[in-house]
Amino acid sequence: MSKDTRANRARPADPTTEQPPKLHVLALASDFYDGTHWPTLKYPVDDVKAVVKSLYEEERESGLYEFDQELTLFNELITPGNVDVYIEQIQRDLNPVGPK
């Protein structure tokens, strides 16, 4: 079984011949939930912001992907309707309609 190291991960795209894949991020975090079904987190919003920041930094350093869009919803803005809108936005970006 091979060991997961940076050396055996995917290589960056060759900028002269191919584009790196695009990364679309939908990040959700809430400071307010009952803690019944999930353990209570101390800083969920800050944690999600840190994860997104690290994805940006990894993009700059590795070239493995192009950060295309970041969509975030925090606290009371996390509703089924808002999540649906953001997912539909990503779907439109992934599957453009019209001539190419």
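**Close-up views of salt bridges and core**

**View 1. Asp68 is a partly exposed residue, its relative accessibility being 31%.** The model shown here is predicted. Asp68 is joined by a salt bridge to Lys22, and the closest N and O atoms of the pair lie 3.8 Å apart. This pairing links distant parts of the chain, with Lys22 in strand S1 and Asp68 in strand S2, 46 residues apart.

View 2. Lys53 counts as exposed, since its relative accessibility is 52% and the exposed class begins over 50%. Glu57, at 29% relative accessibility, is instead partly exposed. The salt bridges in the model come to two by the rule applied.

**View 3. Nine residues make up the largest nonpolar core.** Its members are Val25, Ala27, Ala29, Val45, Val48, Val52, Tyr65, Phe67 and Phe74. Strand S1 (22-29), helix H1 (44-62) and strand S2 (66-74) are the elements that each contribute two or more residues to this core.

View 4. When residues up to four places away in sequence are not counted, Ala27 touches Val48, Val52, Leu71, Thr72 and Leu73.

Definitions and conventions. Residues numbered from 1 in each chain as written. Predicted model: local features only at pLDDT ≥ 70, side-chain atom pairs only at ≥ 80, totals over all residues. Heavy atoms only, no water. Core = buried A, V, L, I, M, F, W, Y, C linked by side-chain atoms within 4.5 Å. Buried < 20%, exposed > 50% of the residue type's maximum accessible area, 1.4 Å probe, protein only. Helix = DSSP H or I, 4+ residues; strand = E, 2+ residues; numbered from the N terminus. Contact = heavy atoms within 4.5 Å. Salt bridge = Lys/Arg side-chain N within 4 Å of Asp/Glu carboxyl O.
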